[in-house]
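Have the structure open while you read.

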Amino acid sequence: MAGRAGALSPALPDEPAVPVQSAPLYVAARASEPDVADFASESVIIFDIEGAVHYWNPASEALYGWPALTMIGRGIGHLSTRSENEREHWRMLLQEGTWQGVVSRRTPSGIHIAVDIRQYVRFAQDGTPRDVIEYGRQSLSEGAIEGADWHIPDRLMAASWEIDVSASAPLIAAIARQRNEVGVDNEAQLNARYTELVKAARIVNVNERTVRLVGGNRGRDLMIGQPVAGFWPLESRATLGELIVDAMTGEIEDATYRQQMPSDGILRDPLVTVWRTETPGRIYAAVNGTVDDDRSYIYLRASEARYRKLVNHMPIALWQVDASHMGRIYNDIRAMGVTDFAAYLDEHPDLVELAATTVRVTDINRAAIQMFGGNSPLDLMRPVGYLFTVNRAALRNVMIGRFNGQEGHAEVTKVQTFDGRLLDVRMSVTYPKILAELDVTIFSFEDVTERLSMEAELRQLQADFTHAARISTLGELTTSIAHEINQPLAAIVTNAETSLRWLSRDDPNVEKVKALTARIAASGRRASDIVQHIRGMASKRQPERSAIDLNEIVQESLIFIRHEIESQSIAITTNLARALPHTMGDRIQLQQVVVNLLINSVQAVEAQAKGKREICIGTQLTEDGALAFTLRDTGPGIRPDDIDRIFEGFFTTKEAGMGIGLAICQSIIAEHGGSITASNHPDGGAQFRFVIPVESPDGSA
Amino acid sequence: MPKTPLVAVVDDDEAIREALCDLMMVTGLGCSTFDSAPAFLNDNAPKDFDCLITDVRMPGMSGLDLLERMRARGSDLPVIVLTSVLDSSARAKAFELGAQAWLTKPVADDALLDQLKAAIGAEDWPGEPGH
């Protein structure tokens, strides 16, 4: 990467095919003269001592009509009527150091104008001629109004293009032949071929104005080598194509061809002029017109500069991508009748690879360079594949989104940076609007690595907390649990001893011993089951989802609490709905909720000395198909002031309570996509209800 | 022939009831089981029990409540409390109400049978069957 930073070549790192011939021109343009003359009302031209134009200010464009682009690096003799004398004139000038007079020069429209010029030789420190500077204005004797052109109107500064059409010679020849044919469909066919020609034409160079008007945020570097069609307004592509054919097939070498183009939202009433360059297979195009915007051009430039600066300094990483050719491929695939693009991509994985290697990044901002650890923008201006090295599926999703005509697509994915870091990013893609002039897709990447790791830590913390609460609950239930396990153990001991007594008799009763042994086994299993449940509650584990039956969960929860209820002489009524659908959930966590709610009620009922001691629990299927658990007790109920806070963490009315039980119940139910509510029953006592949606085990809701 | 002594067992846990009943049987004692205290109190055909074995924690009515009711009715039936409860105040209450013994589950058969023998009396205790 580092070696590329200083290179001026606009060639992109991964594209050896980009024509390199544009590089010297580009360098020449960069080395142009002081900006002070850009705003002069007089024509200011700087020649090197060989007579080649080195600088051509906007006033020269206005005066002569030739864009700077077409003049830089060339002599001016071909514009002069007395070109045979030019060489002699130049020799005299270099000798004498100055010259003043009237010259006649040709404009692109073919007419000649008389110009008063003053030429001065500038010398280097060692006394040798360095360059020649020429000032010029239209000769007053020709009837020009003095001072009328002191401000260079915007419309005179042509948006100039140098275009290479050498690869399209056969097409141009074919079009020229077709022009002579007559037919109803001929014009439509011709227009299609003109457009085709503009698509094949490549940009060799453009001037600043062209970059400003149609280059978007890309800059000249990225326009060079690209198809002209990518930047030329759609409505006038055929016009340009027609002019190219005119210029390339015209008899006269210096002839110019011009046409009015439709206003295109960029320029008002633009006039395009096309002529051949000296280099075979290339043409110049100059577009004149007023910016089609009520704001002044300066204002527009300032606002665009501000916009560019804003985008560049946005803290979010942005990529501008040109996927226009993929759009055409999608159109073709759609035309084949394909509707399920995901399935199509499964059969044609090479299409994803094609996108990865051919869809180019055309612009990026500073945050993008920082995120990927690049040295310069060029490091990132490559095919998009590098954004999807870790997760190719994300690229596939982006493609499917566009195929399906979505406005955008977003997902959290992973990327690997140039310096090897692995980042979690939230990627958002905005697709180009259909029929938009420029096919531009915008990617934004937000680094969420830290947030995700924080979320993971939070999840762990919550799991730890939930576990701690379960352990604490089990602690409260030790008496109950001990009793639950002791019962089958007591039965086992007695049955075993009774068996021994049968066996030690003179006539051992084998049948009796068999029956007792079977009971021992059954009681052993019962004890083991209880131990399993407790182990589940006590285990430290990550939440896991499996198919669960809410009724089963309620019944298992009762194992933990039954003895507590019985010993407090609390009557418990269960009313479980039949044939409840199974759902996906965490069995242990839901048990924890039911046990917590039950303990709460037992303690509430226990606290009051008089009155009924009763807890009713039940399960239902709600009208909209969700699972509900309800509990009602005959305790003192919830204080109205507390109802809103009862599920808050560390809220408790108990002296020894931590106040985490109900908060954890709420977070567990929320994790299951449900809700939990607390209220007071009109006839007294508290009631709790939680509802969780049914998520069928096959994944559908 | 002396009559077979009859023992009542009150426990909400079926496995415990069956186990105790079988132990009585192998010892040569008669046995009736009840799954709750009210079931014992409301027995329509009150038998001439020689001893009662009861759990403490049971739904509806506890073993201690049962003992209290029996004493209130004037019954002096020997009562053996067999429980997992380790609560000393409950134990004291049981002895206050004239319980014969307080045994914790799991109980050793000899310990239980010794207490039953004391309650029923050696003269009524069945001989060693099959020996």
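Let's start with chain A, which has 22 helices and 22 strands. Keep in mind that this is a predicted model, so a word on confidence is in order. The pLDDT of chain A averages 81, and 85% of its residues score at least 70.

Now for chain B. Its secondary structure comes to 5 helices and 5 strands, and reading along the sequence gives the pattern β-α-β-α-β-α-β-α-β-α. Here are the two chains side by side:

| Chain | Residues | Buried |
|---|---|---|
| Chain A | 701 residues | 33% |
| Chain B | 131 residues | 43% |

As for contact range, take residue pairs at least 6 apart in sequence. In chain B, 61% of such contacts join residues at least 24 apart.

How do the chains meet? The contact draws 21 residues from chain B and 25 residues from chain A. On the chain B side, helix α1 (residues 14–27) of chain B supplies the largest share, with 8 residues. Sorted by class, the side of chain B that touches chain A holds 11 nonpolar, 4 polar and 6 charged residues.

Back in chain A, have a look at the sheet that contains β20. It's an open sheet of 5 strands in the order β17-β19-β20-β22-β21 (chain A), with mixed pairing. Which strands sit at its edges? Those are β17 (571–575) and β21 (675–680) of chain A, each pairing on one side only. On average, neighbouring strands of this sheet are turned by 10° against each other, ignoring direction. At the β17 end, 5 bridges join β17(A) to strand β19 (residues 614–621) of chain A, and the two run parallel. One bridge partner to click on: A:T573 goes with A:C616 in β19(A).

Two helices pack on this sheet. Helix α20 (residues 550–567) of chain A touches β17, β19 and β20 of chain A, and its direction makes about 175° with that of β19(A). Helix α21 (residues 587–607) of chain A touches β19, β20 and β22 (686–692) of chain A, and its direction makes about 15° with that of β20(A).

Finally, a helix pair in chain A. The axes of helix α13 (residues 350–358) of chain A and helix α16 (residues 392–403) of chain A come within 10 Å and cross at roughly 95°. That angle is why α13(A) and α16(A) count as roughly perpendicular to each other. Which residues meet there? From α13(A) come A:V352, A:A355 and A:A356, facing A:R392, A:L395, A:R396 and A:M399 in α16(A). The residues of this contact between α13(A) and α16(A) split into 5 nonpolar, no polar and 2 charged.

Terms used:
Residues numbered from 1 in each chain as written. Chains lettered and ligands numbered in written order. Predicted model: local features only at pLDDT ≥ 70, side-chain atom pairs only at ≥ 80, totals over all residues. Axes fitted to C-alpha atoms, helices over the stretch in contact; angles between N-to-C directions. Helix = DSSP H or I, 4+ residues; strand = E, 2+ residues; numbered from the N terminus. Parallel < 35°, antiparallel > 145°, perpendicular 65-115°, else oblique. Contact = placed C-beta atoms within 7 Å. Nonpolar A, V, L, I, M, F, W, Y, C, P; charged D, E, K, R; others polar. Buried ≥ 20, exposed ≤ 12 C-beta atoms within 10 Å, placed from the backbone. pLDDT = per-residue confidence, 0-100. Pairing = 2+ DSSP bridges.
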